[in-house]
Amino acid sequence: MKKLLLYFIIVIIAVSCNTKPKVLENGMLSKLKGEWINTTFTDSIFKYKKILPWKDDFYGNLFLSINDNDTLAWGGVQDISNLPFFVKDSVTLIAETNFGKLTFKYTQKNDIINFGKTAFKRMSEKYKRYTFKEEDQLMTLIIEKIFTEEYLPKEKNSKIKYISLGLETYTPFTFDAIGIEDDKNKLTYFGWEFQNDTLKLYKTHSSFDENSGFIFYKKGEVQEIYKKK
């Protein structure tokens, strides 16, 4: 009986040791390895069908990449920083930058990495990191995810060639905007807004600013309304 009890104790200890999270040589949990994406991109933008509240994330706070070495990649469209980091504890990374230290903290329960108010979740196969390095590729992905044929006619939907992500030197739009191509390959810009099961397209009015040398747009009246099919 004692031998049997001793056997079960040994088995329990062995199992519990094997199920402990593996820690890499730098003291970081192996669970933190991999590609991570800002949850405002995957969840908020596509859920609420708007971009404006989260435009700032596109430039430099869109994805996070952690590997075995002591450098992590952090950034967004055309702005990727490879930052050296050290491990404060098994779930906290401190990255070194020219403007100070950044803290990334992992929550194992939700499988989330938090950076201030930003949350990164593990990137699924459908979101490849190369997508976020080029503005055109990111633009195409967002257009396809938001503007579906549930709302717009197929022909009109295929003519959307631009969506404002706020990445220009001088952002011409202070509202959510798209550019729809006409028969002469010229873009006409519209403000857009989803309200429940309705898509509204607004006229835009442009003005030239002599000081900056750029054209800016204002949102006008509703021009077209589409109900979800």
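What percentage of the 229 residues in the chain do buried residues make up? In the predicted model described here, buried residues account for 41% of the 229 residues, where buried denotes a relative accessible area under 20%, exposed one over 50%, and partly exposed a value in between (1.4 Å probe, protein chains only). Because the model is predicted, local features need pLDDT of at least 70 and side-chain atom pairs count only at pLDDT 80 or more, whereas totals for chains, interfaces and linings use all residues. Residues are numbered from 1 along each chain as its sequence is written, and side-chain values use heavy atoms, with hydrogens and water left out.

The secondary structure comprises five helices and 13 strands; helices (H or I, at least four residues) and strands (E, at least two) are DSSP runs numbered from the N terminus. Of the contacts in the chain with a separation of 6 or more, 48% are accounted for by residues 24 or more positions apart, a contact being defined by heavy atoms within 4.5 Å.

Helix α2 (residues 39-48) is mostly covered, with seven of its ten residues buried. The buried residues of α2 are Thr39, Thr40, Phe41, Thr42, Ser44, Ile45 and Phe46. Their cover includes β1 (34-38), α3 (56-60), β7 (112-115), β8 and α4. The axes of α2 and helix α4 (residues 135-146) come within 10 Å and cross at roughly 45°; axes are lines fitted to C-alpha atoms, for helices over the stretch in contact, and angles run from 0 to 180 degrees between N-to-C directions. The two helices, α2 and α4, are therefore oblique to each other, since angles under 35 degrees count as roughly parallel, over 145 as roughly antiparallel, 65 to 115 as roughly perpendicular and the rest as oblique.

By class, the contact has seven nonpolar, no polar and one charged residues, with Ala, Val, Leu, Ile, Met, Phe, Trp, Tyr, Cys and Pro counted as nonpolar, Asp, Glu, Lys and Arg as charged, and the others, Gly among them, as polar. Helix α4 also holds Ile143, which counts as buried at 9% relative accessibility. Leaving aside neighbours within four places in sequence, Ile143 is in contact with Ile160, Lys161, Tyr162 and Ile163. The C-alpha atoms of Ile143 and Ile163 are separated by 7.0 Å, the two residues being 20 residues apart along the chain. In the loop between β8 and α4 is Glu134, partly exposed at 41% relative accessibility. Glu134 and Val77 are 57 residues apart in sequence, with a C-alpha to C-alpha distance of 5.8 Å.

A search of the whole structure finds four salt bridges, each defined as a side-chain nitrogen of Lys or Arg within 4 Å of a carboxyl oxygen of Asp or Glu. Among them is the pair formed by the side chains of Lys121 and Asp43 (3.0 Å, N to O). Lys121 lies in strand β8 (residues 118-122) and Asp43 in α2, so this pair ties together parts that are 78 residues apart in sequence. Both partners are partly exposed, Lys121 with a relative accessible area of 27% and Asp43 with one of 33%.

Strand β13 (residues 214-227) contributes to two further pairs. The side chains of Lys156 and Glu224 meet in a salt bridge (3.4 Å, N to O). With Lys156 in helix α5 (residues 154-157) and Glu224 in β13, the pair ties together parts 68 residues apart in sequence. Glu224 counts as buried, at 17% relative accessibility. Glu221 forms a salt bridge with Lys203, the closest N and O atoms being 3.7 Å apart. This pair links Glu221 in β13 with Lys203 in strand β12 (residues 198-209), 18 residues apart. Glu221 is partly exposed at 42% relative accessibility, as is Lys203 at 34%.

Most residues other than glycine have a negative phi. Asn196 is located in the loop between β11 (187-195) and β12 and is exposed, with a relative accessible area of 76%.
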